[in-house]
Amino acid sequence: MVKPKIEKQDSVKLYKLRNMLEELSDKEGRGTELISLYVPPKKALHEVINNLREEQGTADNIKSDLTRTHVVDALSRVIQRLKLYKTSPDKGLVMFCGALPPEGGGPIGSEVIKLYEIEPPKELQTFLYRCDDHFHVDLLKEMLRDDNMIGFLAIDAKDAGWGLLRGNKLDVLSETSSGVAGKHRQGGQSARRFERLREMELNDYYNRVAHTTREYFIDIYPVKGLIVSGPGPTKETFLRENYLEYRLQNNILATLDCSYAGSEGVREAFAKAQDVLTDYRMVEEKKMVEKLFGDIHFSRGLATYGLNEIIDLMKRNVVETVLVTDDTNLRKIDITCRRCQNLQTEILERPKVIPRLQQLLSQPCPGCKSMDLESTERDIVDYLDLLAGQTGAKVEVITGSTEYGAMLSSIGKVGAFLRYNPNQ
């Protein structure tokens, strides 16, 4: 048996990157003036800078005065930023820069040059420069796809099922029946003839299963390991007789005894494979949520839920780990008076942020009645991560679309493990 090498990713970093890419995907320029730059780690930065300077020369030929100014300014901003690096980072560097309209829109000429700098989650392989009316984020989105795939085959003499575990999602790919006749009680020569026919049917069934398994787990989804399960001795016979393609045969993680084959067998095998898949993200999330509910149920005071309570406990350095779903869709807004530094804070759902900000900014400061106010906003996961960094706590982002994400959503989408019981 082999153990898959699972490359772990920081769930908060991945959450922030996904959100940023979604935000960048929605941005549009007035013309072809938004720059996308992908620099692989082996690319010399002075060559990139020279290429961008050549593009600046080409941009002088743009007929529109406003577009020409925006493109030249954006290129200058990117060049100045690149000069701060001696060498390209280990995984490469991605920059998006361009003139973007203010939040909520504005007249032509009100655009502001903004630069977004991203460290890719995986090593970049190709150099890319584009100047377009939108940012090219597809390469980064492709990198967010989880490569840590595990295949499941649940087989017995009656049917077989195939499943795929990728990241935080378990999919049942398909299932099939064998068509093999059951064992019989005929005697004499008929018994031997029926037995030979059954063996031929089983052999054909095993070959069909092996062919489909190779198609799924080598041709379509190149898995890092395979888990074979099922009731009775069928799975052992199938493996012992080497029906599987050798690359899959050598990549089997475990053989599990289960009550079912087919699609139900796939789900049962996943539930029983926890020890084998200890480093897998979906299993980690399952264990964390189950432990949270267990601690809450036994009322030992070492776990809690409720966003406001958790924020208060984080400020008091009581929280050890925060679990939050990736679909909270909450923003924290702060309104600060520049004169008296009075601070107003609210946590709102994303669609309500802009109307509420406009309302608060149109009202005088409750402390000194000044209208000199400024606003800031941040995603709630960013805010929780900021508090965690100040107290040595940890934040784990749980996938809201999974079964265990739904469990966490049922108690407000946020829970926490505590260092000690604050009520004792």
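Buried here means under 20% relative accessible area, exposed means over 50%, and partly exposed lies in between (1.4 Å probe, protein chains only). This is a predicted model, where local features need pLDDT of at least 70, side-chain atom pairs count only at pLDDT 80 or more, and totals for chains, interfaces and linings use all residues. Residues are numbered from 1 along each chain as its sequence is written, and side-chain values use heavy atoms, with hydrogens and water left out.

**View 1. Arg247 pairs with Glu245 in a salt bridge.** A salt bridge is a side-chain nitrogen of Lys or Arg within 4 Å of a carboxyl oxygen of Asp or Glu. For Arg247 and Glu245, the N to O distance is 2.7 Å. Is Glu245 buried or exposed? Glu245 counts as buried, at 18% relative accessibility, while Arg247 is partly exposed at 44%. Side chains of opposite charge can pair when their charged atoms come close. The structure holds 30 salt bridges, and a couple of others get their own views below.

**View 2. Arg208 and Asp204 form a salt bridge within helix 5.** Helices (H or I, at least four residues) and strands (E, at least two) are DSSP runs, numbered from the N terminus. The closest N and O atoms of this pair are 3.5 Å apart. How many residues separate Arg208 and Asp204 in helix 5? They are four residues apart in helix 5 (residues 188-220), so about one helical turn separates them. Arg208 is partly exposed, with a relative accessible area of 33%, and Asp204 is partly exposed too, at 44%.

**View 3. Arg338 and Glu374 meet in a salt bridge.** Here the N to O distance is 3.5 Å. Arg338 is partly exposed at 44% relative accessibility, and Glu374 is partly exposed at 35%. Elsewhere, salt bridges with shared partners tie Arg281, Glu284, Glu285, Lys394 and Glu396 into one network.

**View 4. Helix 10 packs against helix 12.** Two packed helices are described by the angle between their axes and the distance between the axes. Axes are lines fitted to C-alpha atoms, for helices over the stretch in contact, and angles run from 0 to 180 degrees between N-to-C directions. Helix 10 (residues 307-315) and helix 12 (residues 380-391) have axes 9 Å apart, at an angle of about 25 degrees. On the helix 10 side, Leu307, Ile311, Met314 and Lys315 make contact (heavy atoms within 4.5 Å). Their partners in helix 12 are Ile380, Tyr383, Leu384, Leu387, Ala388 and Thr391.

**View 5. Helix 1 also meets helix 12.** The axes of helix 1 (residues 11-25) and helix 12 come within 10 Å and cross at roughly 145 degrees. Val12, Tyr15 and Lys16 in helix 1 touch Val381, Asp382 and Asp385 in helix 12.

**View 6. Helix 8 has several buried residues.** In helix 8 (residues 262-272), these are Gly262, Ser263, Gly265, Val266, Glu268, Ala269 and Phe270. What covers them? The cover includes strand 5 (149-155), strand 6 (159-166), strand 7, strand 8 (225-230), strand 9 (252-257) and helix 9 (281-297).
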